[in-house]
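This report is meant for someone meeting the structure for the first time.

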Amino acid sequence: MRPSTPPEPPEPSDSPSTNSPTHSDSATPTNSAARSAARKQPASGAEGAPRGGAAAPGSTPRGPRRRSSSVFGWPRAIRDAGRAGLRVERASLNPLLALRGAAGVAVILALTLWWGSPGLAVSSAFGAFASGIATFQRSFHPRPALALAAALGLSVSAFLGYVLAGNPPAFLCLLALWAFGAGMAWTFGAVPGVVGAFTVAMMLVVVTLPATVWEALQHASLIALGGVVQAGLIVIFPVRRWGAQRDALADALAGVADYARQLREEPTLPFDPEPLMWARTAARLTPGQARRRPAQLSGYRTLAERFRAVLAALADPLGGVPDYGPERERVRDLLRAAGTVLDAVARAVRRGETPTVPASALEVLRVPADGPVLPPGPARKAALRLIALTEEAVDAAGGPLEVTDRSGEHRVRDRFGPGVVRVAARAVRRELRLDSPVFRHALRLAAVIVAGWLLGEVLPSEHGYWIALTIVTVLRPDFTDTVGRGAARLVGTIVGVATAGLVLALSHPGLYLAAGWSLLSVFLLYLLIRTGFTVVSACAGAYVVFLLGIAGQDWAQTVPERIELTLVGGLLALVSYALFPSWETPRLRVRLGDWLAAAATYAATVLTDYADPNPNPRTEQRARQALLDVRAARMEWEQTTDRAAAEPVRARGLSRRAAADAHDSLITAGRAASLLESQLAHHAGSFALSEHSGESAMAHDPGAEQFARVLLAAAEPAAQAVREGRTPDWTEVQHALEEWRDNTEQPESIALRVAELVTDSFVEVATVTRGRRSPSPE
């Protein structure tokens, strides 16, 4: 057994940068300033960009990042990823949250220093520290539950690790299995993956501290107590209740407001659905949350969705409004006023206040006394629906808005039980394949953790486990995060330990002063957790040095050793990724095929709904689900292209230019279908069109149903062709469109024009993706 030494805490994981959430009590919503900047780079899911893959004038649709045709080798990839990891971001700070988290560590540290020994105090503080980090992760689960779950996993892993520490073969098997499980935890998202990494780190470091099984039980109990203390402080001293849900909903409303203002100058600008998707995630509640949810958080997300569809229909030239003239000026005025109203509602939701809407905006959002300015048609319908939606939002100013859709505005998370376990088991089974990034990450993590631990045993160092600890902290499922975190950890470690060593050399602290310095490090870490992994690593490095002071060890001997072993662990993590990678580049065609299938299904569903003269809740729900599927597929595609752009491998089977053109074409198809969906009867909600509309009802075209059937039948074969590197065949769809065009009595109907746009977009995808056969994902 190694000599007693204080454990090194794992640094917090996945602290977002530009898109980082701002922390609050319940969850961590999207940073508003970052989102506002991001929205200026148009990105769309089901809603899209201009026709034919061309960008709207003055816009920059978000597509795959293009790079030169030269070889994008390892040196450049490592350099760029390392720079990204070292970036320090501006982020909003919440001192109260940081103070509360540091107080949890202080309580445990004080109790154990008074009751036990410095060594026991150092290890016990680890549980409160790591549980506190878990509460800062990006999740809408209750913060106390995250702290308790992390503490439970940490204490169990620490105890099991000690029980088998005396039997190296058995301990290695346990370590490999535990690391594999921690890697597979990424199946359920970043938060379980982060907590899983914490438990592996605990197993590596705490087993060096106890001398008997009884002491191991004490250590495990105190680690669990640290999580209980953190959870208790969250319950007793809440900071901005429901702040995360409020921020997510406010960001969604503000995103639609930005969209309305941008449509004034760019009528075909794509819409970024990510804030709405994040708000939808925030609407998933536990049964306890559902009972306590503020009434103001009910209904506004549905309202934002309806505003988004109506705004796009109003601004688009397909609605019949010319680019210049009084009609277009009226559209611009309506869009500006709608943005003002949505901003007012967003501020009210964020602050928990009553919305205050300027009277000037409400005056614009009324039908003029001399009648509508817009000509009869889709644009006038959209304008009248916008006016009605505004009245609905203003009516909510006197009290909570209670609007729910039939698809379940506020979905309740299932209680933990057999049903949840079965769903989790199915999710894990789906990932148990060699081409799964999560499965490859789990295998890679298990193998290199064991290798790092064995190397630490061979080296003449008392702290060889720091190698494996660095590996579990750095290694992530994708290349960019792994390299970036490795660079950030090395630089942060050097800065942190050097600063802390200087402080100790100058102050010569005793036991309690060293404890005070360590608590200051924890406070700074919690406070700056959103600024980047470099800053977090520096704070964690300083924390370890001050813990050494509490334990009475000579920091001057262990600090250089820690830096060297950190470098070795980072290199092992990078080498392991190079030897057993999970590249995203070969998956580009797979993701594109998924998006193509979802976009075609969405268009066919909307056209079917349009052709049905008597829509029912089932058809409405089907269209809604198809829209969500398109958004999810688009998000998967964009994440894949972003990661692939940073990888040191060539694009195989799908060039960057082809990927960007296909991206623009699919955005166009989704946006066209979304415009048609905005004209459907169920988008009118509870209000009816005014007599000023000039049309008594929507004229349904039976040709749309036949075209939709053909399109739906062709969707999956075309998507499979894209995945396999073949050219999709849209001949039947083109023939169905020609037949519809020849037989229709409404040659200028919006449904027919949408079908033409959708068909042209899909044919364009077939054209740009024609080429060599793509290899199977590694």
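In this predicted model, helix H23 has 24 residues, which at 1.5 Å a residue should span 34 Å, and its end C-alpha atoms lie 35 Å apart, in agreement with that expectation. The helix is mostly covered, since 19 of its 24 residues are buried.

The largest nonpolar core has 108 residues, and those with the most contacts inside it are Leu711 and Phe762. Helix H23, covering residues 588-611, gives the most to this core, with 14 residues. Leaving aside residues up to four places away in sequence, Phe762 touches Leu596, Ala599, Ala600, Leu666, Ala669, Leu711 and Trp730. A second, separate core has 39 residues, including Ile108, Met202, Ala514 and Ala540.

Across the whole structure, 14 aromatic pairs are found. In one of them, the rings of Trp517 and Phe546 have centres 5.9 Å apart and planes at 20°, so the pair counts as stacked. Trp517 belongs to helix H20 and Phe546 to helix H21, 29 residues apart, and the pair thus links distant parts of the chain. Trp517 is partly exposed at 26% relative accessibility, whereas Phe546 is buried, with a relative accessible area of 4%. Ring pairs also link Phe129, Phe136, Tyr526 and Tyr543 into a cluster.

Two arginines lie over the faces of phenylalanine rings, as the table sets out.

| Arginine | Ring | Distance from ring centre |
|---|---|---|
| Arg440 | Phe580 | 4.2 Å |
| Arg485 | Phe533 | 3.9 Å |

As for cysteines, a search of the whole structure finds zero disulfides. Cys173 counts as partly exposed at 49% relative accessibility, while Cys539, at 10%, counts as buried.

How values were computed. Residues are numbered from 1 along each chain as its sequence is written. This is a predicted model: local features need pLDDT of at least 70, side-chain atom pairs count only at pLDDT 80 or more; totals for chains, interfaces and linings use all residues. Side-chain values use heavy atoms; hydrogens and water are left out. A disulfide is a pair of cysteine sulfur atoms within 2.5 Å. Buried means under 20% relative accessible area, exposed over 50%, partly exposed in between (1.4 Å probe, protein chains only). A nonpolar core is a set of buried Ala, Val, Leu, Ile, Met, Phe, Trp, Tyr and Cys residues joined through side-chain atoms within 4.5 Å. Helices (H or I, at least four residues) and strands (E, at least two) are DSSP runs, numbered from the N terminus. Contact means heavy atoms within 4.5 Å. The expected span of a helix is 1.5 Å times one less than its number of residues. Rings of Phe, Tyr and Trp (its six-membered ring) pair if their centres lie within 6.5 Å; planes under 30 degrees apart count as stacked, over 60 as edge-to-face and the rest as tilted. A charge sits over a ring if NZ of Lys or CZ of Arg is within 6 Å of the ring centre and within 35 degrees of the ring normal.
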